[in-house]
Amino acid sequence: MTPLLQVEGVTRRYGARIGCEDVGFALWPGEVMGIVGESGSGKSTLLGCLSGHLAPDAGRVLYDAGSGGGAQDVTAMPEAARRRLLRTDWAFVHQNPRDGLRMNVSAGGNVGERLMAVGARNYGAIRARAEDWLGRVEIDTARIDDRPSAFSGGMQQRLQIARNLVSGPRLVFMDEPTGGLDVSVQARLLDLLRGLVRDMGLSAVIVTHDLAVVRLLADRLMVMKGGQVVETGLTDQVLDDPQHAYSQLLVSSVLQV
Amino acid sequence: MIHLENVSKNFTLHNQGGAAIEVIRGAFLSVAPGECVALTGASGAGKSTLMRILYGNYLTASGRVLVGGVDVAQAPPREILALRREVLGYVSQFLRVVPRVPTLEVVAEPALAAGAEVQAAQDRARELLARLNIPQRLWPLSPTTFSGGEQQRVNIARGFAHPYPALLLDEPTASLDAANRAVVLDLIGEAKARGAAIVGIFHDVEARAQVADREVDVSAFTPQAAGA
């Protein structure tokens, strides 16, 4: 078996300011990697570079689809190939659902569009799958023909997640996916994601500041500060025995419920 | 099956003046298949620390931590994750679960993760829950609302759902009534009989006497205060 994603020396600067610097790791099929750190630590910049939304100034992001064609450097791919990847094998759940949804297309259309991108053509089948996924993220299927602009923020986020997962991607990037959600729905989504990881071998890179989410969902954890990775390891090791001063501060700052 | 060789452990508290605390020095432990070793020593002597070192959620300063041939102190995360899925089980004192997931699924999950069929995993989960006297009407509910003792039994059921060749048990009989304690001791006995190597912490002296083949006093690994 080979890594799904091999990240080497990824660096992105904004002028003189560092977005993220010299980040490297390997993600294997079925693994969930969590990235934590305070705001401005470079988490979202890194996620953007990994997923092809941002061009890194240095470094490589090698993706191996496992089809025998070997690993390809995503940062050097033609734009069309990268866009195809983002519509099929990959998914990206944005922090702000408005960035990941088509606001003027119905909820069912938002979910169905991803299915059509991977070849689905039968209207009845697409609609049935869309209804199934709306149910899984706890959106009343009676709202299938409504536009997301008529949804609450939490519903929009759930719709975005359904849209991204419906096509059975192999790799999902998530930027604060549960940030704006009610805790009850958050729990449902965590369970849904864990099931997909276990049953379909889904891999994910999840940026969040919620350590409880990370503990339940991520196998491995990366702690970022000032654009650099200060600590990496098994999730429970980093949370139970943090080595770096910043990780220790982060873990000890969580309020107990 | 489980070998600790010359293991030491320090904590450095960067945000508390960089205080460095040495908690374990020169720890040795060896557990054969089918054997149960009880860790003893006063509170704070490092029993739970040693368990966490074995499970890999505590790093070590030096030494080797071999479980089923994998050096937990050195192996990459991927290998430790595979080890935990298939070889090394851990019953902690706290049940950590995704809220809203039914108890039956919580208990079946480790077997599924280890590759069991859904039906077989759920059958095993039902059997364990029944043996541990969790009423059947609670199985479709999330254990997050259960009483402390019920949560502990769900946690134990989880730990025995997959036949791990190595098991870590942190106070498995604490706060259980006599009937449930007997069930847990039976489960431990059955695990030993199928060849599991077990490391346990049992404050309950009778329980310890019943299942442990040997005792290891971890205070032997506690470094003496500086200058002493």
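Biologist: What is the area buried between chain A and chain B, and how much of it do carbon and sulfur atoms give?

Modeller: This is a predicted model, and the buried area comes out at about 2,200 Å², with carbon and sulfur atoms giving 57%. On the chain A side, Arg198(A), Leu234(A) and Asp241(A) lose the most area to chain B, together 25% of what that side buries.

Biologist: Why is the pair Arg194(A) and Glu109(B) called a salt bridge?

Modeller: The cut-off is 4 Å from a side-chain nitrogen of Lys or Arg to a carboxyl oxygen of Asp or Glu. Arg194(A) and Glu109(B) have N to O at 2.8 Å, so the pair qualifies. The count between the two chains is 4 salt bridges, and 10 residue pairs are in polar contact.

Biologist: Which helix gives the most to the side of chain A that touches chain B?

Modeller: H6(A), with 8 residues. Helices H7 (211-217), H8 (235-240) and H9 (245-252) of chain A each supply at least two. By class, that side divides into 9 nonpolar, 5 polar and 12 charged residues.

Biologist: Now the second largest pocket: what makes Arg83(A) and Arg163(A) count as charged residues there?

Modeller: Arg is in the charged class along with Asp, Glu and Lys, so Arg83(A) and Arg163(A), both among the lining residues nearest the centre, fall there. The whole lining has 5 nonpolar, 5 polar and 9 charged residues.

Biologist: What is the volume of that pocket, and which element gives the largest share of its lining?

Modeller: The volume is about 590 Å³, and H2(A) gives the largest share of the lining, 5 residues.

Technical notes
Residues are numbered from 1 along each chain as its sequence is written. Chains are lettered from A and ligands numbered from 1 in the order in which they are written. This is a predicted model: local features need pLDDT of at least 70, side-chain atom pairs count only at pLDDT 80 or more; totals for chains, interfaces and linings use all residues. Side-chain values use heavy atoms; hydrogens and water are left out. Buried area is the accessible area (1.4 Å probe) that two parts lose on being put together, summed over both. A polar contact is a pair of N or O atoms within 3.5 Å; within protein, one must be able to donate a hydrogen and the other to accept it, and residues adjacent in sequence count only if both atoms are side-chain atoms. Helices (H or I, at least four residues) and strands (E, at least two) are DSSP runs, numbered from the N terminus. On a 1 Å grid over the protein atoms alone, a cavity is a set of points where a 1.4 Å probe fits but cannot get out, and a pocket is an open set with protein on both sides within 12 Å along at least five of seven lines; lining residues have an atom within 4 Å of a point. Grid points are joined across faces, edges and corners, and a volume is the space filled by probe spheres set on the points.
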